[in-house]
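Q: I'm new to this one, so could you take me through it piece by piece while I look?
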Amino acid sequence: MSRLSTCKGCGKKLSKEEKYTYSNKTYCKQCYDIKIQEKTEHDTLINTIMEYYSLEKPTGFMLKQIKEYKEKYKFTYMGMQYTLWYAKEIKKYKFDKKYGVGLIKYEYTNAEDYYLQLEKIANSAKNAKPNKINKISIKNINQKEQNQNNQFLINLDDVIQGGDNA
């Protein structure tokens, strides 16, 4: 019997068929998928930083900040990327590489609040019930009622012509 491996993510014992390797470490399928998603989100964040700061690669200071925000403040990579978008598109900030990505620390909760507000609006619009339309039917006046009403009407042409003859 072969030796069982241990998942570096959750500590689960894995057989040879159950193990996945990422960065020379063994993971179960669920933890492996999380690592792959995290790597994709990290790469997207890095690409966003390079685009917004007009850099070929992020500075060491920026990478240090990202690592600190991830570990110390438990910020997600997607949350940091969204914060940068929020700062650029909504707050209209200008980015300067000498400050790194420091604004993430200060704008993360504002960006999160903004996102939650947009979600709330979208959900309320999605769950809104259409207004009830009241139908009003108009009865046609039958000919008899119309004739009764006509007896009180005066034909002005008759009055004018009758006045000319007199």
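Q: Let's start with asparagine 24: is it buried or exposed?
A: In this predicted model, asparagine 24 has a relative accessible area of 79%, and because anything over 50% counts as exposed, asparagine 24 is exposed.

Q: And where does asparagine 24 lie?
A: Asparagine 24 lies in the loop between β3, which covers 20-22, and β4, which covers 25-27. Its phi is near 60 degrees, which is a positive value in a residue other than glycine.

Q: What about serine 54, and what is its phi?
A: The phi of serine 54 is near 55 degrees, again a positive value in a residue that is not glycine. Serine 54 lies in the loop between α1 and α2, the latter being 60-71, and with a relative accessible area of 66% serine 54 is exposed.

Q: Okay, stepping back, how many helices and strands does the chain have?
A: The chain has six helices and four strands, and from the N terminus on the elements run β-β-β-β-α-α-α-α-α-α. Of the 166 residues of the chain, 23% count as buried. Among the contacts in the chain with a separation of 6 or more, 46% are between residues 24 or more positions apart.

Q: Can we look at helices α3 and α4, and at what angle do their axes cross?
A: The axes of helix α3 (residues 77-90) and helix α4 (residues 103-127) come within 8 Å and cross at roughly 85 degrees. An angle from 65 to 115 degrees counts as roughly perpendicular, and α3 and α4 are therefore roughly perpendicular to each other.

Q: Which residues of the two helices make that contact?
A: On the α3 side they include Met80, Leu84, Trp85 and Ile90, and on the α4 side they include Leu103, Ile104, Glu107 and Leu118. By class, the contact of α3 with α4 has 14 nonpolar, three polar and one charged residues.

Q: Switching to aromatics, how many aromatic pairs does the structure hold?
A: The structure holds ten aromatic pairs. In one of them, the rings of tyrosine 52 and phenylalanine 95 have their centres 5.5 Å apart and their planes at 20 degrees, so this pair is stacked.

Q: Where do tyrosine 52 and phenylalanine 95 lie?
A: Tyrosine 52 lies in helix α1 (residues 29-53) and phenylalanine 95 in the loop between α3 and α4, so the pair ties together parts that are 43 residues apart in sequence. Tyrosine 52 counts as buried at 15% relative accessibility, and phenylalanine 95 is buried too, with a relative accessible area of 19%.

Q: And how are the rings of tyrosine 86 and tyrosine 114 placed?
A: Their centres are 5.3 Å apart and their planes are at 50 degrees, so the pair of tyrosine 86 and tyrosine 114 is tilted. The pair links distant parts of the chain, with tyrosine 86 in helix α3 and tyrosine 114 in helix α4, 28 residues apart. Tyrosine 86 counts as buried at 7% relative accessibility, whereas tyrosine 114, with a relative accessible area of 23%, is partly exposed.

Q: Which residues form an aromatic cluster?
A: Tyr69, Tyr73, Phe75 and Tyr108 form one aromatic cluster.

Technical notes
Residues are numbered from 1 along each chain as its sequence is written. This is a predicted model: local features need pLDDT of at least 70, side-chain atom pairs count only at pLDDT 80 or more; totals for chains, interfaces and linings use all residues. Side-chain values use heavy atoms; hydrogens and water are left out. Axes are lines fitted to C-alpha atoms, for helices over the stretch in contact, and angles run from 0 to 180 degrees between N-to-C directions. Angles under 35 degrees count as roughly parallel, over 145 as roughly antiparallel, 65 to 115 as roughly perpendicular and the rest as oblique. Contact means heavy atoms within 4.5 Å. Ala, Val, Leu, Ile, Met, Phe, Trp, Tyr, Cys and Pro count as nonpolar, Asp, Glu, Lys and Arg as charged, and the others, Gly among them, as polar. Rings of Phe, Tyr and Trp (its six-membered ring) pair if their centres lie within 6.5 Å; planes under 30 degrees apart count as stacked, over 60 as edge-to-face and the rest as tilted. Buried means under 20% relative accessible area, exposed over 50%, partly exposed in between (1.4 Å probe, protein chains only).
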